[in-house]
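User: I am new to this structure and would like to learn how to read it. Could you take me through it feature by feature?

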Amino acid sequence: MEITGFITLVIAAALLFYIVGIYNRLVALKNRNENAFAQIEVQLKRRHDLIPNLVETARGYLKHERETLDAITSARNTAINDLKTAASNPSSASAIDNLGRAENTLTDALGRFSAVMEAYPDLKANHNMMALTEELSSTENKVAFARQAFNDCVTSYNIYKQHFPPVLLAAFFGHRADGRLLEFANTEVIQTAPRIEF
């Protein structure tokens, strides 16, 4: 009887350590998701901070294109609000989806701006405008890398969470919902850096 009790105790301890290991791995993967999102947040804030400078530099040249500049400003403001919401809860699927849509709208507005800029050679040759567009292009690349890292972390979290036996315990430990990938509607455009030619 004594050896049976000892074996039972060893099995119970091993099972407990295994369950604790699952819990710790879920927590670590979720924290990696949040850290990866924080990297996206830094790059998107940088992008959002560059846009007012771009608009102000262009404003004098584009007097007849006020609608384009207003669209960029409006899209930027929406993206900033959606970024704040997503940053407060990066695990929220709806917040991540809203952020993706807002960034799509902003990217489209910037694309229209680039097309309008083609008609203004003096604006394209402006030193400040050239520096700002180069910085924006660099930031777009950083956003793409940060988004890829975030999506990789989310995928790792989802894969682990959906495997057996973690799938049996994930909801119990508070990991009910899968992580949401940050996707942009115009993936082909995002995968290549924006080209602004002068």
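Analyst: Let us start with a pair of helices. H1 passes H3 in a left-handed crossing. Keep in mind that this is a predicted model.

User: How do I describe two packed helices in general?

Analyst: Two numbers do the work: the angle between the axes and the distance between the axes. Now the case here. The axes of H1 and H3 cross at roughly 30 degrees and come within 12 Å. That makes H1 roughly parallel to H3, because angles under 35 degrees count as roughly parallel.

User: Which residues of H1 and H3 meet?

Analyst: On the H1 side they are Phe37, Leu44, Arg47, His48, Ile51, Leu54 and Ala58. On the H3 side they are Ile96, Leu99, Glu103, Leu106, Thr107, Leu110 and Phe113.

User: Let me pick His48. Is His48 buried or exposed?

Analyst: His48 has a relative accessible area of 2%, so it is buried. This residue lies in helix H1. Leave aside its neighbours within four places in sequence, and His48 is in contact with Arg76, Ala79, Ile80, Leu83, Glu103 and Leu106.

User: And Glu41, what does Glu41 touch?

Analyst: Glu41 touches Leu83 and Ala87, not counting residues up to four places away in sequence. Glu41 also lies in helix H1. Its relative accessibility is 19%. Buried means under 20%, so Glu41 counts as buried.

User: Let us go on to H2 and H3. At what angle do H2 and H3 pack?

Analyst: The angle is about 160 degrees, and the axes are 8 Å apart. Helix H2 covers residues 66–88, and helix H3 covers residues 93–117. Angles over 145 degrees count as roughly antiparallel, and H2 and H3 are therefore roughly antiparallel to each other. H2 passes H3 in a left-handed crossing.

User: Next, H3 and H5. How far apart are the axes of H3 and H5?

Analyst: Their axes are 14 Å apart, with a packing angle of about 155 degrees. That makes H3 roughly antiparallel to H5. H3 passes H5 in a left-handed crossing. From H3, the residues that meet H5 are Ile96, Leu110, Phe113 and Met117. From H5, they are Met129, Thr133, Leu136, Glu140 and Phe150.

User: Now the rings. How is a pair of aromatic rings described?

Analyst: Again by two values: the distance of the centres and the angle of the planes. Here, a search of the whole structure finds 3 aromatic pairs. One of them is Phe37 with Phe150: the ring centres are 5.6 Å apart and the planes are at 70 degrees, so the pair is edge-to-face.

User: Where do Phe37 and Phe150 lie?

Analyst: Phe37 lies in helix H1 (residues 2–59) and Phe150 in helix H5 (residues 127–162). The pair therefore ties together parts that are 113 residues apart in sequence. Phe37 is buried, with a relative accessible area of 1%. Phe150 is buried too, at 1% relative accessibility.

User: What kind of pair do Phe172 and Phe173 form?

Analyst: Their ring centres are 5.6 Å apart and their planes are at 55 degrees, so the pair is tilted. At 68% relative accessibility, Phe172 counts as exposed. Together with Tyr23, Phe172 and Phe173 form one aromatic cluster.

User: Which residue lies over the face of Tyr160?

Analyst: That is Arg25, at 4.4 Å from the ring centre.

User: What joins Phe164 and Pro165?

Analyst: A cis peptide bond, with omega of about 5 degrees. Pro165 is placed in the loop between H5 and H6.

User: What about Ala171, where does Ala171 lie?

Analyst: Ala171 lies in the loop between helix H6 (166–169) and helix H7 (187–191). With a relative accessible area of 38%, Ala171 is partly exposed. Its C-alpha atom is separated by 9.2 Å from that of Lys161, 10 residues apart along the chain.

User: One last residue. Is Pro121 buried or exposed?

Analyst: Pro121 is exposed, with a relative accessible area of 56%. Pro121 is found in helix H4 (residues 121–125). The C-alpha atoms of Pro121 and Ser88 are separated by 42 Å, with the two residues 33 residues apart along the chain.

Notes:
Residues are numbered from 1 along each chain as its sequence is written. This is a predicted model: local features need pLDDT of at least 70, side-chain atom pairs count only at pLDDT 80 or more; totals for chains, interfaces and linings use all residues. Side-chain values use heavy atoms; hydrogens and water are left out. Rings of Phe, Tyr and Trp (its six-membered ring) pair if their centres lie within 6.5 Å; planes under 30 degrees apart count as stacked, over 60 as edge-to-face and the rest as tilted. Helices (H or I, at least four residues) and strands (E, at least two) are DSSP runs, numbered from the N terminus. Buried means under 20% relative accessible area, exposed over 50%, partly exposed in between (1.4 Å probe, protein chains only). A charge sits over a ring if NZ of Lys or CZ of Arg is within 6 Å of the ring centre and within 35 degrees of the ring normal. Contact means heavy atoms within 4.5 Å. Axes are lines fitted to C-alpha atoms, for helices over the stretch in contact, and angles run from 0 to 180 degrees between N-to-C directions. Angles under 35 degrees count as roughly parallel, over 145 as roughly antiparallel, 65 to 115 as roughly perpendicular and the rest as oblique. A crossing is left-handed if the near helix is turned anticlockwise from the far one by less than a right angle, and right-handed if clockwise.
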